[in-house]
Amino acid sequence: MTTRRPRSLRGAIVGFGNVAVEGHLPAWRQHKLFDIVAVCDPSEARLGLAAELLPTARRYAIVDELLRRERLDFVDVATPPASHTEVVLAALAKRVAVLCEKPLTTRWDELRRIRSAASAARAVVFTTHNWKYAPIIRTAKRTLRRGDLGAVSHVRLETIRTAPPSDAGGASTWRLDPAAAGGGILVDHGWHAFYLARHLVDAEPVAISAVTSQRKFTTAGVEDTAECTIEFPHARAEIFLTWAGDARRNSGTVAGSSGTLTIADDTLVTTIADRAPVETRFAQPLSAGSYHPDWFAAMLDDFHAELHDPTVRGDNLREAEACCRLLERGYQSSAAGGARLALVEPPAPAAADPASGE
Ligand SMILES: NC(=O)c1ccc[n+]([C@@H]2O[C@H](COP(=O)([O-])OP(=O)(O)OC[C@H]3O[C@@H](n4cnc5c(N)ncnc54)[C@H](O)[C@@H]3O)[C@@H](O)[C@H]2O)c1
């Protein structure tokens with residue numbers, strides 16, 4: 001008896017910039033269960049590149065036209081952050097599943113609309129939380145799952161850069177424009193640090209305090225440096241992020257009741273109780289490159305699982321909700337001088353009272 005292979009899912013990339021080309025495309029190409037049939041980008045130059053790299057894919061400059069003319073199973077949204085919500089909602093209105101680059105959205109009211117639309121369309125919304133799939137993080141997580149460290153009580157994550165990455169136009173970058181980016185390094189790297197902290201602690205965050213500052217890009221209108229403390233019921237995470245550093249590196253520590261993990265770019269040191277520390281070297285430092293096609297490829301299996309398995313559907317959206325809440329409350333905390341703010345979900349806006357005529 002022959003078993004039939006499931007048909008491959010038809011997708012379109014929306015936003016054919018750096019991360020789409022360098023980070024997503026190599027992974028889509030090698031995955032047998034996905035097929036990229038169309039590309040959408042307003043830039044003629046980027047559509048020209050799409051014609052070279054994906055000659056059989058149809059090309060569109062406008063998302064609505066893409067969604068009107070193509071029969072799609074999913075879209076891969078890789079535009080700058082300010083357009084994510086609009087594109088995601090347009091896809092969900094057509095019952096098309098969404099894989100979206102981080103941040104899904106920087107605003108809680110928008111996240112709520114996305115959640116309702118996904119639920120109405122019974123469609124998956126999955127944010128690219130690719131750092132979870134870095135080999136060093138996966139190894140650390142396996143150690144934590146085995147319980148070798150005991151209960152995790154403290155996490156520290158640091159991302160040091162000398163500048164934000166440049167954009168597909170090669171000019172400075174939308175990352176320093178608050179209207180396009182929705183914030184500075186707290187949006188760009190904070191989102192990654194938030195889901196990583198939640199993943200490593202394995203609990204929901206309950207409060208945040210944050211202080212953002214401008215140390216190098218002082219005319220940018222967004223912060224280039226952020227320090228946060230996130231409280232979990234039984235643990236605390238500290239996060240330090242900067243584009244004003246003197247070098248490029250990522251580091252971290254996870255401390256538990258019976259051991260410690262230390263990450264220094266390509267090196268993981270595991271120290272359990274009174275045993276000698278074990279050092280593991282990885283092929284790539286965590287800070288190498290900005291686009292990580294191998295992490296994206298590893299993540300696609302979980303995207304595929306959410307599309308087909310109702311028991312795991314929504315796991316990733318809950319993770320994105322935590323990030324969005326931390327982001328919004330983080331900025332509010334910074335505006336309040338670093339005050340500790342609880343992460344309770346605000347009540348839904350009251351429905352308009354028909355009697356009031358509003
Ligand atoms: N997960 C990661 O590791 C990672 C790494 C880099 C970037 N990102 C995220 O990916 C997204 C894109 O970043 P990038 O570095 O590729 O930016 P980029 O500027 O290189 O590319 C963005 C592309 O989107 C296109 N675009 C803009 N508005 C559009 C619209 N309405 N419809 C269709 N296309 C549109 C632009 O023309 C450009 O080609 C951002 O959300 C960023 O945060 C994630």
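In this predicted model, strands β13 and β14 form a hairpin with five residues between them. Ala 273 sits in that turn and has a positive phi of about 45°. The two strands run antiparallel and pair over four bridges, with Val 269 standing opposite Glu 279 in β14.

The pairing of β12 with β13 is antiparallel and covers six bridges, and Leu 261 stands opposite Thr 270 in β13.

Here are the strand pairings side by side:

| Strands | Sense | Bridges |
|---|---|---|
| β12 (residues 259-264) and β13 (residues 267-272) | antiparallel | six bridges |
| β13 and β14 (residues 278-281) | antiparallel | four bridges |

Now for the helices. How do α1 and α9 cross? The axes of α1 (residues 18-30) and α9 (residues 293-308) come within 8 Å and cross at roughly 55°. That angle makes α1 oblique to α9, and the crossing is right-handed. On the α1 side, the contact is made by Glu 22, Gly 23, His 24, Pro 26, Ala 27, Trp 28 and Gln 30. α9 answers with Pro 293, Phe 296, Ala 297, Leu 300 and Phe 303.

Notes: Residues are numbered from 1 along each chain as its sequence is written. This is a predicted model: local features need pLDDT of at least 70, side-chain atom pairs count only at pLDDT 80 or more; totals for chains, interfaces and linings use all residues. Side-chain values use heavy atoms; hydrogens and water are left out. Axes are lines fitted to C-alpha atoms, for helices over the stretch in contact, and angles run from 0 to 180 degrees between N-to-C directions. Angles under 35 degrees count as roughly parallel, over 145 as roughly antiparallel, 65 to 115 as roughly perpendicular and the rest as oblique. A crossing is left-handed if the near helix is turned anticlockwise from the far one by less than a right angle, and right-handed if clockwise. Contact means heavy atoms within 4.5 Å. Two strands pair if DSSP finds at least two bridges between them.
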